[in-house]
Each structure stands twice: as C-alpha cells, then as structure tokens.
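Visitor: Hi, I'm new to this one. Could you show it to me and let me ask a few things?

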Amino acid sequence: MRNQTSFIAVVAATLVVFSVAGAALAETGDTKQAKITRAMQAAPESINKNATIVDADGTVLQSGSNGWHCSPTSGPGSTYPMCNDDVWMRLMTALNNKADFKTDRIGISYMLAGDDDVNNADPFDTKHDPGEVWVQEGPHLMIMVPDTKMLQGISDDPNNGGPYVMWKGTPYAHIMVPVGPRQTEK
C-alpha cells in the first residue's frame, strides 16, 4: 500500500509540475512523437527507454516502468527536457508552489540537452539585474542531498570549472554537475 501511495503521489506531482508549462508547449505545435523524442533527450537511454513521458499539461505521452519521469520541458516557456527521479519530482512541485522542500535521500535529475538561462542564486528571478550570476548550463546532472551540510566545500560559482551549488541557502539548493559545454542562447 505504501508503494502504491508513493507512486500515486509521484504521478500527482508530475501532473502538477508539468501542467504549468502546458500553454508554452501548445504554442509550439509539437506532435506527440516530437514531444516524446525531446523528452528522451534529457537522459541516457538506460533511463529514458523505460521512463514515463509526461507532457507539460500532465498528459502521459508514454507509460513507463522504472520510476523516472521525463518531460519535453523543464518549466513554463522552456523547451529544454528533463528526467527526474521521485525526489526531484517532489522538489519541482515544491518549487512550482514556492513551498518548503526536504528529503531524506539523494535525488537525481538529468538535463543532458541543457537548460534555460537561470539565476544561480534565486530560483524565482526572471530578470537579469547588474551583479547577478546567471548561467545557461549545457548537458548536466542535478543532485539533491538530504542535508545541506553535505554541500559544504562545494563552490557556488558556476564558472569554477567543475560542479557547483545552485540556489545555495534555499530549500532547493542542489549540486550542478556539468558534463558538456555550456549552452548559448537559442
């Protein structure tokens, strides 16, 4: 019963997170197959081939069996795909609702097709202001840890040449692990 309840909670979280971005994708006119193809670019085949593919409006485009959830978008207005484990699905729901977030285990998210330009310090900032550090990361993994003390000693400078902490000091602080060159604006 606990596993079934957990599965239902993850599916519900998936629907909430991806429903926000529905209008943006609807405007692109992507076909179902195009959305599935884009969503699968977020993670290695070993993950994406059995992942549940969820559209921005919450529609399940392809059922999966491995507990991973991939989407053709990482948020409103984005066309960068992501694949999340259940910890990251809960984090995305909390982020979407500007709610607190805690976890008791490590969470992993893949964004191997890159990401949008993001403020490294403030998850809710949408406007570039002088002095802020913004980064448009290329292929990367994101790692959520259960205790922020585990982030000590990891730089929060995205230009340090290695992994770094994004959104330090917030409930959404996580490790960014670049695995390829940075994106350039689309």
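**A chat about the model**

Visitor: Let's start with Ser 74: buried or exposed?
Guide: Ser 74 counts as buried, because its relative accessibility is 17% (buried is under 20%, exposed over 50%, partly exposed in between, with a 1.4 Å probe and protein chains only). Keep in mind that this is a predicted model: local features need pLDDT of at least 70, side-chain atom pairs 80 or more, while totals for chains, interfaces and linings use all residues. Residues are numbered from 1 along each chain, and side-chain values use heavy atoms, without hydrogens or water.

Visitor: New topic. How many disulfides does the structure hold?
Guide: There's one disulfide (sulfur atoms within 2.5 Å). Cys 70 is joined to Cys 83, with 1.8 Å from S to S.

Visitor: Which parts of the chain does that pair link?
Guide: Distant ones: Cys 70 is in strand β3 and Cys 83 in strand β4 (residues 82-84), 13 residues apart. The link of Cys 70 and Cys 83 is right-handed, with 110° about the S-S bond.

Visitor: Why does Cys 70 count as buried?
Guide: Cys 70 is buried because its relative accessible area is 0%. For Cys 83 the relative accessible area is 0% too, so Cys 83 is buried.

Visitor: What about the largest nonpolar core, how many residues has it?
Guide: That core has 19 residues, and Phe 101 and Met 166 have the most contacts inside it (buried nonpolar residues joined through side-chain atoms within 4.5 Å).

Visitor: Which elements give two or more residues to this core?
Guide: Those are α5 (86-96), β8 (140-144) and β9 (164-166). α5 gives the most, with six residues. Apart from this core lies another, of twelve residues, including Ala 42, Ile 53, Cys 70 and Cys 83.

Visitor: Back to Phe 101. What is it in contact with, beyond neighbours within four places in sequence?
Guide: Phe 101 is in contact with Val 87, Arg 90, Leu 91, Ala 94, Met 144, Pro 171 and Tyr 172.

Visitor: How many aromatic pairs does the structure hold?
Guide: Two (ring centres within 6.5 Å; planes under 30 degrees apart are stacked, over 60 edge-to-face, the rest tilted). Trp 68 and Tyr 110 make a tilted pair, 5.6 Å centre to centre and 55° between the planes. Trp 68 is in the loop between β2 (60-62) and β3 (69-71), and Tyr 110 is in strand β5 (residues 107-111), 42 residues apart. Trp 68 is buried, at 15% relative accessibility, and Tyr 110 is buried at 17%.

Visitor: Why is the pair of Phe 124 and Tyr 172 edge-to-face?
Guide: Because their planes are at 85°, with the ring centres 5.9 Å apart. Phe 124 is in the loop between β6 (118-119) and β7 (134-135), and Tyr 172 in the loop between β9 and β10 (174-178), so the pair ties together parts 48 residues apart in sequence.

Visitor: Which of the accessibility classes does Phe 124 fall in?
Guide: Phe 124 counts as partly exposed, at 35% relative accessibility, whereas Tyr 172 is buried at 4%.

Terms used. Helix = DSSP H or I, 4+ residues; strand = E, 2+ residues; numbered from the N terminus. Contact = heavy atoms within 4.5 Å. Phe/Tyr/Trp six-rings, centres within 6.5 Å; stacked < 30°, edge-to-face > 60°.
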